[in-house]
Amino acid sequence: MGTIAFGIMIPFIGTTLGSACVFFMKGSLSERVTKVLSGFAAGVMVAASVWSLLIPAMEMSADNGMGKMAFMPAVTGFLVGILFLLLLDHIIPHLHANLEEAEGPKVSLAKSTMLILAVTLHNIPEGMAVGVVFAGMMAENTTITLMGAFALAIGIAIQNFPEGAIISMPVCAAGTGKKKSFVYGVLSGVVEPVGAWMTIWLSGFFIPMIPYLLSFAAGAMVYVVVEELIPEASEGTHSNLGTIGFAVGFALMMALDVALG
């Protein structure tokens, strides 16, 4: 259980380390760096959705005797995940909108709170994804190994490192103190271990639902990629930097999953 607890905390550690960049770097991230990091994060999340979530979901369904209909749980969960994030996106304001509001001389408590909520929206599916792969491993499913679960956790942690910096540094540049900006960045990742443990707990009651939960997490992650990360990486000039970042992130996550899985 200690190994699983450590694996679940890996993505949160990535967010915390990224948020700590506010102590070592001056100003905010440049537009070019932001595009590369957004593209990189998108690549990691798309590769993780395919290799770590959707493919295992279909393999598990096939092992359960669904035959040619093994795609159904994956398709169903994927679409429900998209719809769930679409609903949350209407409830919690977009990250872009909150960053624009935070560009004043001082970030108010209300605006900072909304910014944290917006980033939390991004981290919910990531926490669920880590939780469900560890749940599948705990259920002794042959399609999900301990190293495969760690590969997903490490991939998301790598993606979370720049995400933590993208949150803490602009808030600091807008006038908030470094310590407080660091705390904001860290808080944005708290939902990941919480979501992971809740997913593990729920899957313990509904083991046959694991293929649906895997694909649900994949759908939610892909929604974040298409709705937020790709537009961030491609808008304006130097969009090719976002494309390069996507390719590197996708290749890295694919290699991690295959090598460690």
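Is the crossing of α2 and α6 left-handed or right-handed?

1. The crossing of α2 and α6 is left-handed, and I would read this with the reminder that the model is predicted. Helix α6 covers residues 146–173, and α2 packs with α6 at an angle of about 160°, the two axes lying 10 Å apart. Angles over 145 degrees count as roughly antiparallel, so α2 and α6 are described as roughly antiparallel to each other.

2. On the α2 side, the residues that meet α6 are L37, F40, A41, V44, M45, A48, S52 and L53, while α6 contributes L152, G155, I156, I158, Q159, P162 and I166. Sorted by class, the residues of the contact of α2 with α6 comprise twelve nonpolar and three polar, with no charged residue.

3. Helix α2 itself deserves a check of its length, since its 33 residues (residues 31–63), at 1.5 Å a residue, should span 48 Å, and the C-alpha atoms at its ends are 47 Å apart, which agrees. Just after α2, G65 takes a positive phi of about 90°.

4. Helix α3 (residues 71–91) also packs with α2, here at an angle of about 140° and with the axes 7 Å apart. That angle makes α2 oblique to α3, because only angles over 145 degrees count as roughly antiparallel. The crossing of α2 and α3 is right-handed. L54, A57, M58 and S61 of α2 make this contact with F71, P73, A74 and F78 of α3, and by class the contact of α2 with α3 has seven nonpolar residues, one polar residue and no charged residues.

5. A further pair is formed by helix α1 (residues 2–19) and helix α7 (residues 178–187), which pack at an angle of about 160° with their axes 8 Å apart. The two helices α1 and α7 are therefore roughly antiparallel to each other, and their crossing is right-handed. From α1 the contact is made by F12, T15, T16 and S19, and from α7 by F182, G185 and V186. By class, the contact of α1 with α7 has three nonpolar and four polar residues, and no charged residues.

6. For a written description of these pairs, I would keep the angle and the distance together, since two packed helices are described by the angle between their axes and the distance between the axes.

Definitions and conventions
Residues are numbered from 1 along each chain as its sequence is written. This is a predicted model: local features need pLDDT of at least 70, side-chain atom pairs count only at pLDDT 80 or more; totals for chains, interfaces and linings use all residues. Side-chain values use heavy atoms; hydrogens and water are left out. Helices (H or I, at least four residues) and strands (E, at least two) are DSSP runs, numbered from the N terminus. The expected span of a helix is 1.5 Å times one less than its number of residues. Axes are lines fitted to C-alpha atoms, for helices over the stretch in contact, and angles run from 0 to 180 degrees between N-to-C directions. Angles under 35 degrees count as roughly parallel, over 145 as roughly antiparallel, 65 to 115 as roughly perpendicular and the rest as oblique. A crossing is left-handed if the near helix is turned anticlockwise from the far one by less than a right angle, and right-handed if clockwise. Contact means heavy atoms within 4.5 Å. Ala, Val, Leu, Ile, Met, Phe, Trp, Tyr, Cys and Pro count as nonpolar, Asp, Glu, Lys and Arg as charged, and the others, Gly among them, as polar.
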